[in-house]
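Look at the sequence and the structure shown below.

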Amino acid sequence: LGNCIRLSNNDMTRFKNILLVLRESHNRSGIERAVALAQKNDAKLTVIQAPGQFARGVELLKGMVSFGQLNAAILEKKQEELDTLCDSLEVKNAVGVIASSGSPSVSIVKQVLREEHDLVITTAQGSSTSAGGLFRSLSLHLIRKCPCPVWVVHPEERRTGIQVMAAVDPDPMESHGSVNSLIMDLAVSLAVLDGAKLHVAHAYHTLVLKGYEALLREHGTRVPEELHNGCVEAAVNERRSKLDGLLEGYALHEVVHQVHFEDGAPSFVIPALAKREQVDVLILGAITHGTPAGHCIGTTAEDIINQIGCSVLVVKPPEFVSPISL
């Protein structure tokens with residue numbers, strides 16, 4: 001991988017302590033991704049099963065004298081099943097953990113904080129055509145609250161002919177360079193790992209480009225055409241220059257790739273591009289704007305995720321702080 005990307009500790013090899021979240025169904029794709037990455041990286045793999053149907057069923061029996069024994073027996077049985085699964089994964093360092101009772105997302109994030117996991121992988125529970133979409137409650141809670149990257153794998157993700165998309169935002173008005181670099185590092189590395197085509201996508205909205213707001217304040221809605229065109233052209237050129245500067249750090253000529261630089265709101269452009277290009281994995285940043293750290297992943301990121309019908313790998317800025325603590 002080092003021949004295809006700039007020297008960096010932020011490519012896919014950076015993940016050495018992976019947490020795999022088992023769900024009540026559709027676990028195969030997530031397991032395959034986690035095992036392949038753990039084997040490639042010689043990483044520790046922890047498999048966690050959060051309280052699910054078995055826990056909810058036990059709750060109904062709390063009034064029974066033998067509740068404690070019953071609960072312990074069920075947890076012991078689940079731990080045995082989890083240990084058997086871990087033994088079958090062909091990963092040197094695979095261990096199973098039954099999460100504590102309570103909210104599954106809280107239990108999982110606390111596991112991440114306690115054991116300092118650097119990646120969470122799980123499988124989506126919905127489908128791109130079902131009511132409610134691909135990403136259900138637990139996946140969304142993890143994306144919003146987990147301090148490390150979260151990879152939600154489509155239950156029917158392809159293994160060949162993969163298309164990977166990096167959604168970047170080299171906005172000259174923002175300072176999220178580290179997030180954009182991490183997105184690119186992971187996307188290029190994953191494209192090499194999967195033998196995939198790489199798409200790099202940036203969407204800009206003409207009317208919110210740098211400098212245009214000042215024109216609107218000065219002229220109202222009747223901005224002279226010459227000024228309008230000049231301002232837009234300069235801002236678009238600056239944005240493209242920033243994108244080109246980001247991409248210069250990567251040997252993209254060694255990867256099959258395509259750059260998409262399109263006018264339009266990212267929340268519309270990125271999902272449309274992903275659908276048009278039949279993207280299998282979308283990598284994007286959960287960047288907040290003017291909200292308390294850890295309380296929101298950014299409305300644009302949420303809007304994109306809610307429309308996507310493929311796997312997503314979501315990364316956080318370094319300053320992100322989970323609203324959950326130990």
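## Surface charge and buried sites

Glu76, Glu80, Asp83 and Asp87 form a patch of negative charge on the surface. A patch here joins like charges within 9 Å, from residues with over 30% relative accessible area and no salt bridge; a salt bridge is a side-chain nitrogen of Lys or Arg within 4 Å of a carboxyl oxygen of Asp or Glu. Asp87 belongs to helix H3 (residues 67-87), where a helix is a DSSP run of H or I with at least four residues and a strand is a run of E with at least two.

The model is predicted: local features need pLDDT of at least 70, side-chain atom pairs count only at pLDDT 80 or more, and totals for chains, interfaces and linings use all residues. Residues are numbered from 1 along each chain as its sequence is written, and side-chain values use heavy atoms, with hydrogens and water left out.

Buried means under 20% relative accessible area, exposed over 50%, and partly exposed in between, with a 1.4 Å probe and protein chains only.

| Residue | Relative accessible area | Class |
|---|---|---|
| Asp87 | 68% | exposed |
| Gly126 | 7% | buried |
| Cys231 | 15% | buried |
| Ile308 | 4% | buried |
| Cys310 | 3% | buried |

Gly126 sits in the loop between strand S4 (119-123) and helix H5 (137-145). Its C-alpha is 8.4 Å from that of Pro155, 29 residues apart in sequence. Ile308 sits in the loop between helix H10 (299-307) and strand S10 (311-315). Ile308 and Leu134 are 174 residues apart in sequence, with 7.5 Å from C-alpha to C-alpha.

How many disulfides does the structure hold? The number is zero, counting a pair of cysteine sulfur atoms within 2.5 Å as a disulfide.

Conventions
Patches are made of residues with over 30% relative accessible area and no salt bridge: like charges are joined within 9 Å, nonpolar side chains (Val, Leu, Ile, Met, Phe, Trp, Tyr) within 5 Å. Accessible areas come from the Shrake-Rupley method with a 1.4 Å probe; for residues, only the protein chains shown count as cover. Lys and Arg count as positive and Asp and Glu as negative; His and the chain ends are not counted. The place of a charge is taken as NZ of Lys, CZ of Arg, CG of Asp or CD of Glu.
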